[in-house]
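My notebook is open, and I want to go through this model one item at a time. Here is what I am looking at.

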Amino acid sequence: MDEVDGRLGTEFGPKSLERTIAATAEQVIDPNEAALVDLRKRLSKCDRKLGQYRSALDAGGDPIEIAGWINETKIERARLVGELKAAPAVRRISVAEIRSVIEEVGDLVRLVGEADPDDKAALYTQLGLKLTFYLEKQYVEARIAPEPPHVRSVCVRGGT
């Protein structure tokens, strides 16, 4: 745990704090963003299919059979467009918002370093800290994966 504490001290120390904030802002993913990307991919797939069906018609394919495919794809495309319009807008947390949260927390790194081992273990559990040891490579990977119930809702600028 001393190495984890040391890494926190390095990443959130005065020399690295701005770099850590910028890197965090780049990696924060809005769950809505993944859904929007998936919807756009599926829309593109529909558009490709429609183009292929038109090419099949031009090549002399059965118009009745191809018309059925076109209608199915148009219905699917209309449904996806509706989902896309109804999807919440993507919102990325800004560098200023990350800095604000860190400032509100204060000198957490120092407090964690000085904490009682049992308290520290509870904190790392709440943060979702996972340590994975790779025997063949002889190293430990540390990841913080905050997932419910590890995350408390915090609103920086009202509800999001």
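I looked up Asp 38 and found it partly exposed, with a relative accessible area of 36%. For my own reference, buried means under 20% relative accessible area, exposed over 50%, and partly exposed in between (1.4 Å probe, protein chains only). This is a predicted model, where local features need pLDDT of at least 70, side-chain atom pairs count only at pLDDT 80 or more, and totals for chains, interfaces and linings use all residues. Residues are numbered from 1 along each chain as its sequence is written, and side-chain values use heavy atoms, with hydrogens and water left out.

Which residue does Asp 38 meet in a salt bridge? I find Arg 42 there, at 3.0 Å from N to O. A salt bridge here is a side-chain nitrogen of Lys or Arg within 4 Å of a carboxyl oxygen of Asp or Glu. Arg 42 is partly exposed too, at 29% relative accessible area. Both sit in helix α3 (residues 31-58), and because they are 4 residues apart, about one helical turn separates them. Helices are DSSP runs of H or I with at least four residues, strands are runs of E with at least two, and numbering starts at the N terminus.

**Arg 79 and two glutamates.** Next I went to helix α4 (residues 63-86), where Arg 79 and Glu 76 are 3 residues apart, about one helical turn. Their closest N and O atoms are 2.8 Å apart, in a salt bridge. Arg 79 also meets Glu 83 in a salt bridge, at 2.1 Å from N to O. Glu 83 lies 4 residues from Arg 79 in helix α4, again about one turn. I noted Glu 76, Arg 79 and Glu 83 as a linked network of salt bridges. Relative accessibility is 29% for Glu 76, 38% for Arg 79 and 32% for Glu 83. I count 4 salt bridges by this rule.

**Thr 20.** Buried or exposed? I have Thr 20 as buried, because its relative accessibility is 7%. Thr 20 belongs to helix α2 (residues 17-27). Leaving out residues up to four places away in sequence, Thr 20 touches Glu 11 and Phe 12. Contact means heavy atoms within 4.5 Å.

**Whole chain.** I get 7 helices and 2 strands, running α-α-α-α-α-α-α-β-β from the N terminus. Of the 160 residues, 17% count as buried. Among contacts with a separation of 6 or more, 61% join residues 24 or more positions apart.
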